Amino acid sequence: MVIVRRAKPEDQGEIERLLREASLDDDGVDKHLEHFFVVEIPPADDETAQMVGAAGMEIYETCALLRSLVVARASWNGEVSWKLMQILLSYAEHLELEEVYLFANGASPWLQEIGFESVSFDQLPDEIQELPHVDQLKIKGSPLVFRRESCLYH
């Protein structure tokens with residue numbers, strides 16, 4: 001069993017560690033921490049909960065850029081990743097965002113199954129195209145978008 005909760009300021013170091021261990025960029029986590037969620041294994045007895053995953057978004061006017069969704073290898077399963085994605089998309093709906101973008105490397109059939117669709121770089125909103133780290137994202141993957149009218153929002 002795992003618990004998913006909103007990230008707190010004291011989670012920042014652990015989130016950054018998980019991202020680095022997965023060879024993902026941890027730059028800017030501090031600026032967007034309020035829009036992150038963490039996955040924990042509940043504590044047993046006197047232990048503390050163990051953080052095994054995290055995901056978050058950079059929020060812009062009417063859209064968001066999904067930050068790295070990461071789950072520690074030892075704890076990874078499709079159900080945890082799916083649950084994190086559902087939480088992020090529900091959060092985007094709560095914020096009344098029109099679109100959620102992400103960059104995916106390789107085949108991403110499960111993302112397309114839940115409503116993400118491929119877009120070209122020139123279709124990205126200006127606020128995402130102008131991000132300093134977008135050039136790095138272009139190298140690592142192709143942009144996808146989830147639009148508010150997609151089925152998971154309803």
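Helices (H or I, at least four residues) and strands (E, at least two) are DSSP runs, numbered from the N terminus. The model is predicted: local features need pLDDT of at least 70, side-chain atom pairs count only at pLDDT 80 or more, and totals for chains, interfaces and linings use all residues. Residues are numbered from 1 along each chain as its sequence is written, and side-chain values use heavy atoms, with hydrogens and water left out.

Strand β4 spans residues 63-66 and is covered on both faces. C63 and L65 lie on one side, A64 and L66 on the other. These four residues are all buried. Buried denotes under 20% relative accessible area, exposed over 50%, and partly exposed in between (1.4 Å probe, protein chains only).

β4 pairs with two strands, where pairing requires at least two DSSP bridges between the strands. Strand β3 (residues 50-59) and β4 are antiparallel, with 3 bridges. Here M57 has L66 of β4 as its bridge partner. The two strands, β3 and β4, form a hairpin, with 3 residues between them. Strand β6 (residues 99-104) runs parallel to β4, and 3 bridges join the pair. Within β6, Y101 is the bridge partner of L65.

Side chains of opposite charge can pair when their charged atoms come close. A salt bridge is taken as a side-chain nitrogen of Lys or Arg within 4 Å of a carboxyl oxygen of Asp or Glu. The whole structure holds 8 salt bridges.

R17 is partly exposed at 26% relative accessible area. E14 is partly exposed too, at 32%. E21 is exposed, at 55%.

A further salt bridge joins the side chains of E117 and R147 (2.6 Å, N to O). This pair links distant parts of the chain: E117 is in strand β7 (residues 117-118) and R147 in strand β8 (residues 142-147), 30 residues apart. E117 is partly exposed, with 40% relative accessibility. R147 is partly exposed at 21%.
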